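Visitor: I have a structure to go through with you. Can we start with the inside?
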Amino acid sequence: MRHHTAGPAPIALTAIGTHLPGKRLRNAEAAPSLAVTEEFLNTKIGITARAVKEPGQRASDLCAAAFADLCGRIRIDPAAIQLCCVVTQNPDMPIPHTAAILHEKLGLAKQCMTFDLSQGCAGYTHGLAVVTALADRFGFDHALLFTCDPYSEIVDPHDRDTALLFGDGATVSYCATGAGGYRIVDADFGTVPGTSSLIRSDTDRLAMQGRGVFLNAAREGPASIRRVLERNDLTIGDIRVFLVHPGSKRIVDTLRDDLEVDESRLPFEIAEYGNTVSSSIPLMLAARLGQRPPTDIVLSGFGVGFSWGTCLVRATEKEK
């Protein structure tokens, strides 16, 4: 393990492993009991099915399945991993941190830093910034960033504001030096004062003020994106892909109209599995890490807090 600050190769996001449970709950079947019309379901929510884990599964189980998928895509040496972070607000248990449980399940090395990051829908952008900054500062060559928020454990199936939105899933982003991939060029983060109660779970159930969440997302998301682009002398037209958190179809449509981009550049791709919170952005990004990926991508998440995080990431070449 290197522990120097001058001259090491920068770490980059190289590959993403994903896992979505096979079980699906169809929203068309649940909508009538919640007084949700078919039109509202299709035009505002936009989610037809939600992926749901098995009752006995926990966040670390879903993360382990995502890691297995990653190992099927690229060769990974568990003993080489120097940092393991889990972004979750639904940990296996209060103590220990889920990253430590996952560390044991995956057989990672003793000299591996482990910690959880409690963040919601902006969790991936926060996590990517924290993990890559730590890796660059301390010279880590190999790091894993997991995301998993199994909200099926806390969503009230009778709550009209949340019951048709959230799905379960997990991802793991492998960050390495010298392999090529995406580097963070710039980022923008923040939390709106006085909005911490918009999405909360002070009991065993999730509660959300839908209108407040929508209004903050519609205001803060585009503003954050524009700040990052302006600081880097870029325009909306310079970016081929915007991956914004798909809280609902209405939110994505609103951001798309504000930024004046079409669906191919700002997609909504969660219809068949739901809003997976911190996993939503990396699930979409995973499909774009193949051949000839876009040079610049904007990642923007927003939600619980009410917090936001926007990252401008840029493709880098593999070292020869």
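Visitor: Which residues line the largest cavity?
Guide: The lining of the largest cavity is I11, A12, L13, L128, T132, Y182, R183, I184 and V313. Here a cavity is a set of points on a 1 Å grid over the protein atoms alone where a 1.4 Å probe fits but cannot get out, and lining residues have an atom within 4 Å of a point. Two or more of the lining residues come from each of β1 (11–19), α5 (123–138) and β8 (181–191); helices (H or I, at least four residues) and strands (E, at least two) are DSSP runs, numbered from the N terminus.

Visitor: What's the volume of the largest cavity?
Guide: About 40 Å³, a volume being the space filled by probe spheres set on the grid points, which are joined across faces, edges and corners.

Visitor: How was this model made, and how are residues numbered?
Guide: It is a predicted model, where local features need pLDDT of at least 70, side-chain atom pairs count only at pLDDT 80 or more, and totals for chains, interfaces and linings use all residues. Residues are numbered from 1 along each chain as its sequence is written, and side-chain values use heavy atoms, with hydrogens and water left out.

Visitor: What is the average pLDDT?
Guide: The protein chain averages 90, with 95% of the residues scoring at least 70; pLDDT is the predictor's confidence in each residue, from 0 to 100. Over residues 1–7 pLDDT stays under 50.

Visitor: Now the largest nonpolar core. Which members touch the most others?
Guide: Y151, I225, L229, F242, V244 and F302, out of 48 residues. Such a core is a set of buried Ala, Val, Leu, Ile, Met, Phe, Trp, Tyr and Cys residues joined through side-chain atoms within 4.5 Å, where buried means under 20% relative accessible area with a 1.4 Å probe, protein chains only. The largest share of this core, 6 residues, comes from α6.

Visitor: And what does L229 touch?
Guide: Leaving out residues up to four places away in sequence, L229 touches L234, T235, I236, I239, F242 and V298, a contact being heavy atoms within 4.5 Å.

Visitor: Where do the buried residues of α4 pack?
Guide: Against α3 (59–73), β4 (83–87), β5 (113–117) and β6 (142–148). Among the buried residues of α4 (98–106) are I101 and L102. Just after α4, G107 has a positive phi of about 70 degrees.

How values were computed: 1 Å grid on protein atoms, 1.4 Å probe; cavity = no way out; pocket = protein on both sides within 12 Å on 5 of 7 lines; lining within 4 Å. Buried < 20%, exposed > 50% of the residue type's maximum accessible area, 1.4 Å probe, protein only.
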